[in-house]
Amino acid sequence: VRLIKEQPQEEFAPIFSDAWTGSRVWGAAHVLTSHMSDLAEAGGLRGARVLELGAGPGMCGLAAAALGAASVALTDQKAMVSLLERNIKLNPELGGAVTAAELNWGGPHAGVAPYDVVLVSDCVNILYGEASFGQLAGTIHALCAPRGVCLLTHAERAKVGAEETGFNRFTRLCESRGLSVRRLECVRAPAEKEDSEDIGLYEIRHGGSSLEAS
């Protein structure tokens with residue numbers, strides 16, 4: 001998969017703005033892509049309809065298309081769509097399987113068919129505001145098919161030993177919507193992963209209990 005990882009000079013955004021954080025490939029994306037590669041070896045993505053939320057440059061969604069997904073929708077805020085479109089054009093071998101569109105978490109999703117697989121990489125972050133936790137949980141609930149799965153990676157940046165974290169709050173908001181959150185073992189941790197961060201891999205589904213270890 002070929003990527004432009006940052007916006008052009010004329011589109012640079014202030015550091016820590018949504019556009020700045022969204023234009024980088026973070027370590028959590030490498031962990032999620034590695035897990036999808038393992039799934040693909042068992043045919044787990046073949047023929048699937050895939051949605052990536054908060055796609056940034058679109059690395060995870062583009063990888064899903066390369067690994068056999070039937071269709072992939074890369075979504076993010078309006079400011080990121082042009083970068084996603086450029087990265088789709090850089091990968092013509094994927095044909096028309098990949099599209100880019102604006103999608104704001106928590107917005108109306110009426111008429112959108114649910115997806116077999118929803119991808120979320122490093123999107124549970126207080127930088128996006130406290131309200132974003134519930135908006136993301138609600139969007140996963142609305143757009144993940146009843147028998148589908150959301151694969152999520154999260155880089156925990158809270159202080160070691162902190163009792164309350166943004167991810168704890170996000171998990172409770174998922175539970176309140178009838179979603180289960182289960183941490184999976186990262187079989188392969190790529191070299192690109194930031195050594196200073198605890199990157200977790202999670203599976204979110206409709207129903208069930210939360211945060212069971214696999």
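A residue is called buried when its relative accessible area is under 20%, exposed when over 50%, and partly exposed in between (1.4 Å probe, protein chains only). This is a predicted model, in which local features need pLDDT of at least 70 and side-chain atom pairs count only at pLDDT 80 or more, while totals for chains, interfaces and linings use all residues. Residues are numbered from 1 along each chain as its sequence is written, and side-chain values use heavy atoms, with hydrogens and water left out.

**Figure 1. The protein chain as a whole.** Of the 214 residues in the protein chain, 48% are buried. The chain contains six helices and seven strands; helices (H or I, at least four residues) and strands (E, at least two) are DSSP runs, numbered from the N terminus. Their order along the sequence is α-α-β-α-β-α-β-β-α-β-α-β-β. Among contacts (heavy atoms within 4.5 Å) with a separation of 6 or more, 73% link residues 24 or more positions apart.

**Figure 2. Helix H3 and its surroundings.** Helix H3 spans residues 59-66, and seven of its eight residues are buried. These are Met59, Cys60, Gly61, Leu62, Ala63, Ala64 and Ala65. The buried residues of H3 pack against helices H2 (27-41) and H4 (78-89), and against strands E1 (49-53), E2 (71-76), E3 (98-102) and E4 (115-121). After H3 comes Gly68, with a positive phi near 115 degrees.

Figure 3. A disulfide is a covalent bond between the sulfur atoms of two cysteines; the search counts a pair of cysteine sulfur atoms within 2.5 Å. Zero disulfides are found in the whole structure.

**Figure 4. Strand E5 between its partners.** Strand E5 (residues 144-156) is largely enclosed by the rest of the structure, because 10 of its 13 residues are buried. Two strands pair if DSSP finds at least two bridges between them. E5 pairs with E4 in the parallel sense over six bridges, and Leu152 of E5 is the bridge partner of Val120. E5 also pairs with strand E7 (residues 198-206), in the antiparallel sense over seven bridges. Here the bridge partner of Leu152 is Tyr202 in E7.
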